[in-house]
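User: Please take a close look at the aromatic rings in this structure. I am new to it and would welcome one connected account.

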Amino acid sequence: MKRILSLFRSSVIRAAIHMAGIKILIALAVLFLWDRLINQGSILPYSMMESGFFAAFIFFVIGAWLQYLSLDGMHPFQALQTKKKNRSITAMDEEELDEDEATAAKLFSNLFAAILFLIPSLIAAIFNS
């Protein structure tokens, strides 16, 4: 935990906020498409706020867990990845993030997105029960 907090710098925070915003927008677009196209034709339609947001929460928690494992030294999907010349889209032009900082930014962005999807899911579940 001490190592993760040492990576918490302004450039990492900026990259994490940028990545989280993009992830949240993509997840919302997928959830709205799911709700409008697939969910309405089903026999038992599920609420987008309860089940859809909770599924997005689970997805982002799994992503954060995998990033935490890679910070710890375990790279479960490293064989599937190819090395790229340009490191990160979210790094600003004047400053590049090294590998640990980029991983920490991905971890923080996944945790932030997970929390933002968990809160409305819990509120909807409380009000619908």
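Analyst: F117 is buried, its relative accessible area being 2%, in what is a predicted model. The rings of F60 and F117 make a stacked pair, because their planes stand at 20 degrees, and planes under 30 degrees apart count as stacked. The centres of these two rings are 5.7 Å apart. F60 belongs to helix α3 and F117 to helix α4, so this pair ties together parts that lie 57 residues apart in sequence. F60 is itself buried, with a relative accessible area of 4%.

The count of aromatic pairs comes to four. Among them is the pair of F53 and F117, which is edge-to-face. Here the centres are 5.1 Å from one another and the angle between the planes is 75 degrees. This pair, too, links distant parts of the chain: F53 sits in helix α3, which covers residues 48-71, while F117 sits in helix α4, residues 99-128. The two residues are 64 residues apart. F53 has a relative accessibility of 7%, so this residue counts as buried, the cut-off being under 20%.

These residues can now be placed in one group. F53, F59, F60 and F117 form one aromatic cluster.

How values were computed:
Residues numbered from 1 in each chain as written. Predicted model: local features only at pLDDT ≥ 70, side-chain atom pairs only at ≥ 80, totals over all residues. Heavy atoms only, no water. Phe/Tyr/Trp six-rings, centres within 6.5 Å; stacked < 30°, edge-to-face > 60°. Helix = DSSP H or I, 4+ residues; strand = E, 2+ residues; numbered from the N terminus. Buried < 20%, exposed > 50% of the residue type's maximum accessible area, 1.4 Å probe, protein only.
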